[in-house]
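This briefing walks through the fold, the helix packing, the charged pairs and a few individual residues. Please keep the sequence and the model in view while reading.

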Amino acid sequence: MEFHIPTIFVMLVAGCITLAASALAASERHAGDGLREWGLALCIHATSYILFALRDTIPDFLSIVCANSLFSISYTIFYYAVHVFLGVHTKHKIYFWGPPLIITIGVVVFFDSVIFRVLLVNAMLVLQGFLVQKALLNHKFNFSVRGRNLMVFGIGLSIIALAWKFCVAIVAPHQIMSIFQSSPVQVTLYVVTFISLIMVSTGFALMAKERSDAALRKAALLDRLTGCWNRVRIEEILQQECTAMDIRLRC
């Protein structure tokens, strides 16, 4: 069965726009949840796929240089959205804008070499994926990490697919000479990218929900005046201690 690559691009664009609309609709101003930034990144991601899909119908500068630059910029904003959610700041701004700058310059320099473009772009995207994973894994969460784990797994899938394409560009470059070429590596990359987008965006939204739930639970168990545990929490602790004591006595 041969996959129709332009149709896959339409699926990717539709997925990005749907996820972006969901993130922006769920975001609140000054909430610090990063959903607004995440929605913006998805919109830019969709724009890059539109430019890719218009290859050979628009100027090559737009469908090659601008498309790859926007693709990397969307990764940068994903990375920034994670920092906004975590409430952390990094002194190394090069991690944000270094990869898009390198990709833009590199694609211009190697404009006539498909293989060098693929190697450079995929290497930078893998690096950006690792940076997002590192930020998530190094942070200490005070609530459930199911959303974090889903994001890390989704990013991992994308990194594996990008690394595979990087290797194929070295050992079998004939499989990736055209963006519309329906080769196994191309189809796998696009399908995995679609799956990864859904998993990572769902994980990000789940993280926001888990943090909100944890904050609501804490507020429900604290006395507003004194800041001490209220009766509900004291009864929970008492029940836990009684259960633990009963287990020890049985042993």
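Of the 251 residues of the protein chain, 43% count as buried, where buried means under 20% relative accessible area, exposed over 50% and partly exposed in between, with a 1.4 Å probe and protein chains only. The model is a predicted one, in which local features need pLDDT of at least 70 and side-chain atom pairs count only at pLDDT 80 or more, whereas totals for chains, interfaces and linings use all residues. Residues are numbered from 1 along each chain as its sequence is written, and side-chain values use heavy atoms, with hydrogens and water left out.

**Overall fold**

- The protein chain holds eight helices and zero strands, with helices (H or I, at least four residues) and strands (E, at least two) taken as DSSP runs numbered from the N terminus.
- Read along the sequence, the pattern of the protein chain is α-α-α-α-α-α-α-α.
- Among the contacts in the protein chain with a separation of 6 or more, 66% are between residues 24 or more positions apart, a contact being heavy atoms within 4.5 Å.
- The accessible surface of the protein chain comes to about 14,000 Å², and 67% of this surface belongs to carbon and sulfur atoms; accessible areas come from the Shrake-Rupley method with a 1.4 Å probe, and for residues only the protein chains shown count as cover.

**Helix packing around H5**

- Helix H4 (residues 94-109) and helix H5 (residues 114-138) pack at an angle of about 175 degrees with their axes 9 Å apart, which makes H4 roughly antiparallel to H5.
- The axes are lines fitted to C-alpha atoms, for helices over the stretch in contact, with angles running from 0 to 180 degrees between N-to-C directions; angles under 35 degrees count as roughly parallel, over 145 as roughly antiparallel, 65 to 115 as roughly perpendicular and the rest as oblique.
- The axes of H3 and H5 come within 9 Å and cross at roughly 5 degrees, which makes H3 roughly parallel to H5.
- The contact between H3 and H5 involves residues of H3 including Phe-71, Tyr-75 and Tyr-79, and residues of H5 including Val-121, Leu-125 and Val-132.

**The two sides of H4**

- The buried residues of H4 are Phe-96, Gly-98, Pro-99, Pro-100, Ile-103, Gly-106 and Val-107, and what covers them includes helix H3 (60-86) and H5.
- On the surface, Leu-101, Ile-105, Val-109, Phe-110 and Phe-116 form a nonpolar patch with about 490 Å² of accessible area together.
- Such patches are made of residues with over 30% relative accessible area and no salt bridge, where like charges are joined within 9 Å and nonpolar side chains (Val, Leu, Ile, Met, Phe, Trp, Tyr) within 5 Å.
- Helix H4 supplies the largest share of the nonpolar patch, three residues; Ile-105, which lies in H4, is partly exposed, with a relative accessible area of 48%.

**Salt bridges**

- The structure holds two salt bridges, each defined as a side-chain nitrogen of Lys or Arg within 4 Å of a carboxyl oxygen of Asp or Glu.
- Arg-146 forms a salt bridge with Glu-210, the closest N and O atoms being 3.1 Å apart; because Arg-146 lies in helix H6 and Glu-210 in helix H7, the pair ties together parts that are 64 residues apart in sequence.
- Within this pair Arg-146 counts as exposed at 55% relative accessibility, whereas Glu-210 is buried, with a relative accessible area of 6%.
- Lys-209 and Asp-213 meet through their side chains in a salt bridge of 2.7 Å, N to O, and, being four residues apart in helix H7, they are separated by about one helical turn.
- Lys-209 is partly exposed, with a relative accessible area of 49%, and Asp-213 also counts as partly exposed, at 37% relative accessibility.

**Individual residues**

- Trp-164, found in helix H6 (residues 146-171), is partly exposed with a relative accessible area of 38%, and it touches Pro-184, Val-185 and Thr-188, not counting residues up to four places away in sequence.
- Asp-56, in the loop between helix H2 (35-53) and H3, has a phi near 75 degrees, a positive value in a residue other than glycine, and Asp-56 is exposed, with a relative accessible area of 64%.
- Most residues other than glycine have a negative phi.
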